[in-house]
Each structure stands twice: as C-alpha cells, then as structure tokens.
Amino acid sequence: QVQLVESGGGLVRTGGSLRLSCATSGISFNDYAIAWFRQVPGKEREGVACIDAIDGVEEYEDSVKGRFTISADNAKKTVYLQMNSLKPEDTAIYYCAASRWGETWNDRHLYDYWGQGTQVTVSS
C-alpha cells in the first residue's frame, strides 16, 4: 500500500517560516520524483517544488524561488519543504505527490500518488 503523509503545516505571520515533511511508504523511493503542490479555493492545484530522488535535481515555481527549499532524505524516504519569508499568498493546502514520469514536474496529471494535505496559513 502506497502512503504519503504530510505534516508541519500551521499558522504563521508574514515573514515567518515553516518546514513541511512528506513521509512516504509503499514505493521504491529512489525511482520517484516527489513534489509539493498547493491549492486554494477556486484555483487549480499548482506545483510548488519537486525533487527527483534519482539525480537530486530540484525544481521550483517562480514565486517561491529563493524562499523555499526542497530536500530529500533517501534513508528515511522523506521529503521536506523549508519555507522562509512566507507571504499571505502562500496560504493554501499543501500536498505531496509521487510520480514515475517526471518529464513535466508541475503537471498534476502525471502524479500517481497523493497525500491528504496539510494547511499552511500566513496572516498579514
């Protein structure tokens, strides 16, 4: 059984930081790209960051470059998203997802497995 479990969300003020975790099980971790997506009401789920466990290549959505950092602990089969300098527009439910495809990292349709999400709220 494949499981992705997010944690680490919460309520922070503008300029604050959070570290999200995505614990995976039931997959061959090194064969997957793991991504963070986020979604707010009325908008499509959008890619935030991605890391490929095969080669370690990182990808970021433009609005989070320089503020967010994705990393992976292959031994723990866990992916992290360090979020600094948070803004109100970062408020969303954050999901982690796993894909074997990987050619278009921010295409949500290419991801096979999803977590349940963790809420991030940034107050102004």
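Student: Why is E46 called partly exposed?

Tutor: This is a predicted model, and in it E46 has a relative accessible area of 33%. Buried means under 20% and exposed means over 50%, so at 33% E46 falls in between and counts as partly exposed.

Student: What makes the pairing of R38 with E46 a salt bridge?

Tutor: The closest N and O atoms of R38 and E46 are 2.9 Å apart. The cut-off is 4 Å between a side-chain nitrogen of Lys or Arg and a carboxyl oxygen of Asp or Glu, so the pair qualifies.

Student: How do you know whether R38 is buried or exposed?

Tutor: R38 has a relative accessibility of 6%. That value is under 20%, so R38 counts as buried.

Student: What makes the pairing of D90 and R38 a salt bridge?

Tutor: Here the N to O distance is 2.9 Å, and the limit is 4 Å, so the side chains of D90 and R38 meet in a salt bridge. D90 lies in the loop between strand 8 and strand 9, while R38 belongs to strand 4 (residues 33-39), so this pair ties together parts that are 52 residues apart in sequence.

Student: Why is D90 called buried?

Tutor: Its relative accessible area is 1%, and buried means under 20%, so D90 is buried. Leaving aside neighbours within four places in sequence, D90 is in contact with residues including R67, F68 and V120.

Student: What makes R108 and E44 a salt bridge?

Tutor: Their closest N and O atoms are 3.7 Å apart, and the cut-off is 4 Å, so they count. This pair links distant parts of the chain: R108 sits in the loop between strand 9 and strand 10 (113-114), and E44 in the loop between strand 4 and strand 5 (46-52), 64 residues apart.

Student: How do you know how exposed R108 and E44 are?

Tutor: R108 has 28%, between the two cut-offs, so R108 is partly exposed. E44 has 59%, which is over 50%, so E44 counts as exposed.

Student: Why is C50 not counted in a disulfide?

Tutor: The nearest cysteine sulfur, that of C22, is 11 Å away. A disulfide needs sulfur atoms within 2.5 Å, so C50 is in none.

Student: And is C50 buried or exposed?

Tutor: C50 has a relative accessibility of 4%, and buried means under 20%, so C50 counts as buried.

Terms used
Residues numbered from 1 in each chain as written. Predicted model: local features only at pLDDT ≥ 70, side-chain atom pairs only at ≥ 80, totals over all residues. Heavy atoms only, no water. Buried < 20%, exposed > 50% of the residue type's maximum accessible area, 1.4 Å probe, protein only. Contact = heavy atoms within 4.5 Å. Helix = DSSP H or I, 4+ residues; strand = E, 2+ residues; numbered from the N terminus.
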